Amino acid sequence: MRIRRATADDVDTVYRLEQAYIECPWSREDIGAAIVGETYVYLIADDGAGYAGMQVLYEDAEITNIAVVPDRRGQGIGGALLDALIGEARARGATRLLLEVNEQNPAMRLYREKGFAPIATRKQYYKSGTAVVMAKNI
């Protein structure tokens, strides 16, 4: 599996993943605009097993979404996508990476392993629960 920068040709794949695995999915139009937008970085596993996106604004980068298809979870794809985002954020001059994750999401373990720490919560941010805001200095 190789991780690469998403292009306009990947909008449909990212949209399908977003709709299937993200609790509050973006529209196809918003995904398309982000993939080609200057402040966004979208990465995709070239086999379509997952993708990740973030927006970089000055010293902060915020992960918008990471999704991996269920039958490929636990194979290091999420971690590889996250590592690639961290590298992209650093390359763009960010010094801090932020994300919001449902407190019930098993991916919290991965974020902690990668050095993210909780800094706040947002009650009822998701339909199914509270968001934990996590940050990592990069």
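Which residue takes a positive phi in the hairpin of β2 and β3? That would be Gly48, with a phi near 80°, in a hairpin that has four residues between its strands. This is a predicted model, in which local features need pLDDT of at least 70, side-chain atom pairs count only at pLDDT 80 or more, and totals for chains, interfaces and linings use all residues. Residues are numbered from 1 along each chain as its sequence is written, and side-chain values use heavy atoms, with hydrogens and water left out. Helices (H or I, at least four residues) and strands (E, at least two) are DSSP runs, numbered from the N terminus.

**Strands and hairpins**

- Strand β2 (residues 40-45) pairs with β3 in the antiparallel sense over five bridges; two strands pair if DSSP finds at least two bridges between them.
- Leu43 has Ala52 as its bridge partner in β3.
- On to the next pairing: β3 and strand β4 (residues 60-68) are antiparallel too, over eight bridges, and Leu57 stands opposite Asp60 in β4.
- Two residues sit between β3 and β4 in their hairpin.
- β4 also goes with β5, but here the two run parallel and three bridges join them; Ala61 has Leu97 as its bridge partner in β5.
- As for burial, six of the eight residues of β3 (residues 50-57) are buried, so the strand is largely enclosed by the rest of the structure. Here buried means under 20% relative accessible area, exposed over 50%, and partly exposed in between (1.4 Å probe, protein chains only).
- β5 is mostly covered as well, with six of its seven residues buried.

**Positive phi outside glycine**

- Tyr58 isn't a glycine, yet has a positive phi of about 60°. Its place is in the loop between β3 and β4, and Tyr58 is exposed, with a relative accessible area of 72%.
- Gln124 isn't a glycine either, and has a positive phi of about 55°. This one is found in strand β6, where Gln124 is exposed, with a relative accessible area of 72%.

- In α1, the buried residues are Val11, Val14, Leu17 and Glu18. Looking down the axis of α1, they fall within an arc of 135°, so they line one face of the helix; the arc is that of the directions from the helix axis to the C-beta atoms.
- The cover over the buried residues of α1 includes α2, β2, β3 and β4.
- Helix α2 (residues 28-36) has Ile31, Gly32, Ala34 and Ile35 buried. Down the axis of α2 these fall within an arc of 165°, so they too line one face of the helix.
- Glu29 and Val36 are exposed on the other side of α2, while α1 and β2 are among what covers its buried residues.
- An α-helix has 3.6 residues a turn, so residues three or four places apart point the same way.
- Leaving aside neighbours within four places in sequence, Val11 is in contact with Arg28, Ile31, Gly32 and Ile35, where contact means heavy atoms within 4.5 Å.
- The C-alpha atoms of Val11 and Leu110 are separated by 26 Å, and the two residues are 99 residues apart along the chain.

**The largest pocket**

- About 1000 Å³ of space lies in the largest pocket. A pocket is found on a 1 Å grid over the protein atoms alone, as an open set of points where a 1.4 Å probe fits, with protein on both sides within 12 Å along at least five of seven lines. Grid points are joined across faces, edges and corners, and the volume is the space filled by probe spheres set on the points.
- The lining (residues with an atom within 4 Å of a point) comes to 36 residues, and Ile66, Val101, Asn105, Ala107 and Tyr111 lie nearest the centre.
- Elements giving two or more residues to that lining are α1 (11-21), β4, α3 (77-91), β5 (96-102), α4 (107-113) and β6 (117-126). The largest share, seven residues, comes from β4.
- By type, the lining divides into 18 nonpolar, 11 polar and seven charged residues. Ala, Val, Leu, Ile, Met, Phe, Trp, Tyr, Cys and Pro count as nonpolar, Asp, Glu, Lys and Arg as charged, and the others, Gly among them, as polar.

**Tyr111**

- Tyr111 has its place in helix α4 and is buried, with a relative accessible area of 8%.
- Neighbours within four places in sequence aside, Tyr111 is in contact with Ile66, Leu82, Leu99, Val101, Phe116 and Met134.
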